[in-house]
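Please read it alongside the model.

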Amino acid sequence: MAVRRTSPGGEDRPLSLIERTRRDQLVQVTIDLVAEHGYAATSLARIAQAAGITKGAVLYHFASKDAVVAAAQAHVLDALVADVGAAVDAAPADRAPAAYVRRMIGHLAEHPDHARMIIEAMINDDRPEPEARWRPLAALLRNAREARGLGPGPDTRTLAIITGGAIDGIVGERLQDAGYDTEAAAEALIAMLETATFA
């Protein structure tokens, strides 16, 4: 969907290629700055300087620091959701939870700047509703049991919450230690999750 901007006459118009390119640049610069310095230290002046433009030029594209940070956060979350969603869609129903865990950890390990952006957003009170975090995985777990012909089993909400915490721990460890083997950690988590899900 094309982003639209109100023209001086008040009507909406599509962004030009140059405007889209500049907005994309500002979003990427903001992700990099928040990941490196944190939300509080990422000012409009710092964003402008990193992009090689003036604060006024930043404000032409985004109404405030909060607006450019929100756009950066949305970009990061959209990329994560698309990547994980594609992996889940490509997996058979009984392997979808494993695909979810593997790709969630994989994406955030491959994009530490995205992981840090998400953490900074949560620290600064932009937390998603708790259900938004556990509900998709809980549904995948229920569907996986059904695909194997199993009846009601363990509480999938609880399994999803525990798994989400483990994913956070694995990604957090990778942010502290770039040598930490997240692929092995993901497989260990999947083994535990599948034991609990299919018991």
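H7 and H9 cross in a right-handed sense; right-handed means that the near helix is turned clockwise from the far one by less than a right angle, left-handed anticlockwise. Helices here are DSSP runs (H or I, at least four residues), numbered from the N terminus. The model is predicted: local features need pLDDT of at least 70, side-chain atom pairs count only at pLDDT 80 or more, and totals for chains, interfaces and linings use all residues. Residues are numbered from 1 along each chain as its sequence is written, and side-chain values use heavy atoms, without hydrogens and water.

**Helix pairs**

H7 spans residues 130-147 and H9 residues 182-198. Their axes come within 10 Å and cross at roughly 60°. H7 is therefore oblique to H9. Angles under 35 degrees count as roughly parallel, over 145 as roughly antiparallel, 65 to 115 as roughly perpendicular and the rest as oblique. Axes are lines fitted to C-alpha atoms over the stretch in contact, and angles run from 0 to 180 degrees between N-to-C directions.

Leu141, Ala144 and Arg145 of H7 touch Leu193, Thr197 and Phe198 of H9. Contact means heavy atoms within 4.5 Å.

H4 and H5 also pack together, with axes 8 Å apart and an angle of about 145°. Their crossing is right-handed. On the H4 side, the contact includes Val84 and Val88; on the H5 side, it includes Tyr100 and His107.

| H4 with H5 | ten residues | one residue | two residues |

**Core**

The largest nonpolar core has 46 residues. Such a core joins buried Ala, Val, Leu, Ile, Met, Phe, Trp, Tyr and Cys residues through side-chain atoms within 4.5 Å. Leu26, Tyr100, Val101 and Ile167 touch the most other members. Leaving aside neighbours within four places in sequence, Tyr100 contacts Val84, Val88, Arg133, Leu137, Leu140 and Ile167.

**Histidine 114**

His114 lies in H6. Its relative accessibility is 6%, so His114 counts as buried (under 20% relative accessible area with a 1.4 Å probe, protein chains only; exposed is over 50%, partly exposed in between). Beyond residues up to four places away in sequence, His114 touches Ile31, Val76, Ala79 and His107. The C-alpha atoms of His114 and Glu173 are separated by 15 Å.

Technical notes:
Helices (H or I, at least four residues) and strands (E, at least two) are DSSP runs, numbered from the N terminus. Ala, Val, Leu, Ile, Met, Phe, Trp, Tyr, Cys and Pro count as nonpolar, Asp, Glu, Lys and Arg as charged, and the others, Gly among them, as polar.
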